[in-house]
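Work through the exercises below with the sequence and the 3D view at hand. Each task is followed by a solution in steps.

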Amino acid sequence: MAAGPGCSYLCKRLLARAQKRWPASGERVSMTVASGSPSAVDPKASQTRAQRMQDDRVSAVIVTRHTGQPLELCLRSVLGEPWIDEVVIVDNGNPVAVSSALRALQADRRDVRLVQSKRTMGRAAAANLGAGKATGRWLLFIDPSVVLQRGAVERMVCAGLQARSPWIMGGKLT
């Protein structure tokens with residue numbers, strides 16, 4: 001897979017490493033949202049929206065550590081996104097009240113899975129822990145301070161379907 005003209009050196013290295021690890025298409029790929037949504041992509045492909053949603057399950061992975069109000073807004077936007085089938089929340093050393101609220105959320109919803117880290121770890125290690133528990137074809141790593149725009153995940157999946165596998169994508173910062 002060729003990296004685009006706006007791809008940084010780090011992005012090119014990540015893509016090269018991913019190609020060595022997952023050379024065949026159809027493997028699990030990941031997309032990351034730093035903030036906002038990706039640039040517009042025509043979501044009208046040859047398949048219907050319902051067919052694509054069934055084939056392209058998206059698991060959102062959120063690593064939380066000492067997050068407050070922004071986490072609630074993030075979770076509302078993620079749980080309201082129809083393309084996200086599963087939300088994996090990694091509790092990476094939250095206060096007791098936040099951990100209790102996350103356990104209650106998991107008990108109330110089938111699509112929420114809470115992963116408690118045994119010890120506080122770095123963000124990347126915690127993201128890997130959450131990715132290991134995810135079941136979707138697509139992984140969407142979301143920072144707890146991000147509020148997804150409606151339709152952002154669908155545009156990312158449509159862009160991913162047009163890309164060669166493996167691929168990685170970042171959201172538009174606004």
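C74 has a relative accessibility of 0% and so counts as buried; buried means under 20% relative accessible area, exposed over 50%, and partly exposed in between, with a 1.4 Å probe and protein chains only. The model is predicted, so local features need pLDDT of at least 70 and side-chain atom pairs count only at pLDDT 80 or more, while totals for chains, interfaces and linings use all residues. Residues are numbered from 1 along each chain as its sequence is written, and side-chain values use heavy atoms, with hydrogens and water left out.

**Exercise 1. Cysteines**

Task: Classify C158 as buried or exposed, and state how many disulfides a search of the whole structure finds.

Solution. 
Step 1. C158 has a relative accessible area of 3%, so C158 is buried.
Step 2. A disulfide is a pair of cysteine sulfur atoms within 2.5 Å.
Step 3. Searching the whole structure for such pairs gives zero disulfides.

**Exercise 2. Confidence**

Task: Find where in the chain confidence is lowest and where it is highest.

Solution. 
Step 1. The average over the chain is 76, and 67% of the residues score at least 70.
Step 2. Strand β1 (residues 29-33) has the lowest confidence, with a mean of 50, and β3 has the highest, at 96. Helices (H or I, at least four residues) and strands (E, at least two) are DSSP runs, numbered from the N terminus.
Step 3. Over residues 21-29 pLDDT stays under 50, and the model has 21 contacts beyond four places in sequence for them. Contact means heavy atoms within 4.5 Å.

**Exercise 3. The sides of a helix**

Task: Which residues of helix α5 (residues 123-133) are buried, and which elements do they pack against?

Solution. 
Step 1. The buried residues of α5 are A126, A127, G130 and A131.
Step 2. These residues lie on the same side of α5, because they cover an arc of only 140° around the axis. The arc is that of the directions from the helix axis to the C-beta atoms.
Step 3. The exposed residues N128 and G132 are on the face turned away from the buried side of α5.
Step 4. The packing partners of the buried residues are β2 (58-64), β3 (84-91) and β5 (138-142).

**Exercise 4. An asparagine in a loop**

Solution. 
Step 1. N94 has a relative accessible area of 10% and is therefore buried.
Step 2. The side chains of N94 and T64 are joined by a polar contact of 2.6 Å. A polar contact is a pair of N or O atoms within 3.5 Å; within protein, one must be able to donate a hydrogen and the other to accept it, and residues adjacent in sequence count only if both atoms are side-chain atoms.
Step 3. At 2.8 Å, the N94 side chain also reaches the backbone nitrogen of H66.
Step 4. Apart from neighbours within four places in sequence, the contacts of N94 are T64, R65, H66, T67, S99 and L102.

**Exercise 5. Salt bridges**

Task: How many salt bridges are counted, and what parts does the pair of E86 and R113 tie together?

Solution. 
Step 1. Apply the rule: a salt bridge is a side-chain nitrogen of Lys or Arg within 4 Å of a carboxyl oxygen of Asp or Glu. The count by this rule is four.
Step 2. One of these joins E86 and R113, with the closest N and O atoms 3.9 Å apart. E86 is in strand β3 and R113 in strand β4 (residues 112-116), so the pair ties together parts 27 residues apart in sequence.
Step 3. E86 is buried because its relative accessible area is 7%, whereas R113, at 31%, is partly exposed.
Step 4. A salt bridge between the side chains of D143 and R123 has an N to O distance of 3.7 Å. D143 lies in the loop between β5 and α6 and R123 in helix α5, so this pair links parts 20 residues apart in sequence.
Step 5. The side chains of R109 and D111 form a salt bridge at 2.9 Å, N to O. D111 is in the loop between α4 and β4, and beyond four places in sequence D111 is in contact with L79, D85, E86 and V87.

Methods. pLDDT is the predictor's confidence in each residue, from 0 to 100.
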